[in-house]
Amino acid sequence: WKKLGLIGAMNEEIELLVQHMDNVTETERAGIVYREGRFQGKDVVVCRSGVGKVNAAVCTQILIDRYGVDAVIFTGVAGALDPELNIGDIVVSTECMQHDMDVTALGFERGVIPYERTSVFAADAALAELAYAASAALFPGKSKQGRVLSGDQFVASRDTVRELHEQLKGTCTEMEGASVAQVCSMNGIPYVVIRSMSDKADGSAHVNFAEFTVLASENSYRIVEEMLKRM
Ligand code: ADE
């Protein structure tokens, strides 16, 4: 990994990266600001994709084409789906899938993208292992590996949580990971998603999200920092 793309969707999720990087040059493409520089002795490009799958896809493709990154790490917050997870806990992706891809009316399983080879995009094993080791060291007993489900939806219902956990085997849910994962897969670029829980995607999610996004973003940032230290 010679040049790492580091993506967060919102300001809170990239703020600490931006504060801690050196030799920064800023450029803008498709309305997204890319900050090239050094972080923990590595060449990085840090950007805020904006929320949702379209923003994340455009951002990731630009990182690959125009900035030449050879790996992508997504850092940010998510809603917990696994009942064992608490606010602040960490999920490192083993794989990502879009929970809002629904062509069931034509007989495809929920989440399946018609006519594609796969709809479940595996994280890079080495990046995921490094991220999980960093996470387990910093947050022992509060780190999990699992499937990240993405959709253009802020999930805030216990029924949806149960469905996404039981039917689609999600560990957490957010709005960008599977999009980054698919674009990386289409380009043969390794990726991993790191998410700290801001909420439990239930009836209190909107309140918890507002209260815990800064803390959860910091947890996720600290894992990225530790990961790069160990590279
Ligand atoms: N990001 C953080 N919490 C979330 C939720 N409940 N649904 C979707 N994305 C999220």
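Author: Gladly! Let us start with pairing: two strands pair if DSSP finds at least two bridges between them. Keep in mind that this is a predicted model. In it, strand β1 (residues 3–8) and β5 pair in the parallel sense over four bridges. Within that pairing, Leu 6 stands opposite Ile 73 in β5.

Reader: Which other strand pairs with β1, and in which sense, parallel or antiparallel?

Author: That is strand β4 (residues 42–48), whose pairing with β1 is parallel and has six bridges. Look for Gly 8, which stands opposite Arg 48 in β4.

Reader: How many residues of β1 are buried?

Author: A residue counts as buried if 20 or more other C-beta atoms lie within 10 Å of its own. In β1, five of its six residues are buried, so by this cut-off the strand is mostly covered.

Reader: Now β5. Which strand is joined to β5 by eight bridges?

Author: Strand β10 is joined to β5 (residues 71–80) in this way, and the two run parallel. Strand β10 (residues 191–199) is mostly covered, with nine of its nine residues buried.

Reader: In which sense, parallel or antiparallel, do β6 and β10 pair?

Author: Antiparallel: strand β6 (residues 90–98) and β10 share three bridges. Here Val 92 has Ile 194 of β10 as its bridge partner. While you look at strands, a general idea is handy: in a regular strand, side chains alternate between the two faces of the sheet.

Reader: Let us turn to helices. How should I read one?

Author: Start with the general idea. An α-helix has 3.6 residues a turn, so residues three or four places apart point the same way. Now take helix α4 (residues 158–166), where Val 161, Leu 164 and His 165 are buried. These three lie on the same side of α4, because they cover an arc of only 95° around the axis. On the other side of α4, Asp 159 and Glu 166 are exposed.

Reader: What covers the buried residues of α4?

Author: The cover includes β8 (143–150) and β9 (172–174).

Reader: And how do I describe two helices that cross?

Author: Look at how close the axes come, the angle, and the handedness. The axes of helix α3 (residues 125–138) and helix α6 (residues 205–230) come within 9 Å and cross at roughly 120°. The crossing of α3 and α6 is right-handed. Among the α3 residues that meet α6 are Leu 130, Ala 134 and Leu 138, while the α6 side includes Arg 222, Ile 223 and Met 227.

Reader: Is Glu 174 buried or exposed?

Author: Glu 174, which has its place in strand β9, is buried because it has 28 C-beta neighbours inside 10 Å. Glu 174 and Val 77 are 97 residues apart in sequence, yet their C-alpha atoms are 7.5 Å apart in space. Not counting residues up to four places away in sequence, Glu 174 touches several residues, including Gly 76, Val 148 and Arg 195.

Reader: Where does Val 120 lie?

Author: Val 120 is in the loop between β6 and β7 (121–122). With 19 other C-beta atoms within 10 Å, Val 120 is partly exposed. Leaving aside neighbours within four places in sequence, Val 120 is in contact with Glu 95 and Met 97. From Val 120 to Val 148 there are 28 residues in sequence and 9.8 Å in space, C-alpha to C-alpha.

Reader: Last one: which residues does the UniProt domain annotation cover?

Author: The unreviewed UniProt entry carries the annotation "domain: Nucleoside phosphorylase" for residues 3–229. The end C-alpha atoms of residues 3–229 lie 14 Å apart, and the span is 36% helix and 31% strand.

Definitions and conventions. Residues numbered from 1 in each chain as written. Predicted model: local features only at pLDDT ≥ 70, side-chain atom pairs only at ≥ 80, totals over all residues. Buried ≥ 20, exposed ≤ 12 C-beta atoms within 10 Å, placed from the backbone. Arc of directions from axis to C-beta. Contact = placed C-beta atoms within 7 Å. UniProt positions renumbered as here; feature names shortened; annotations may be inferred. Axes fitted to C-alpha atoms, helices over the stretch in contact; angles between N-to-C directions. Left-handed = near helix turned anticlockwise from the far one by under 90°.
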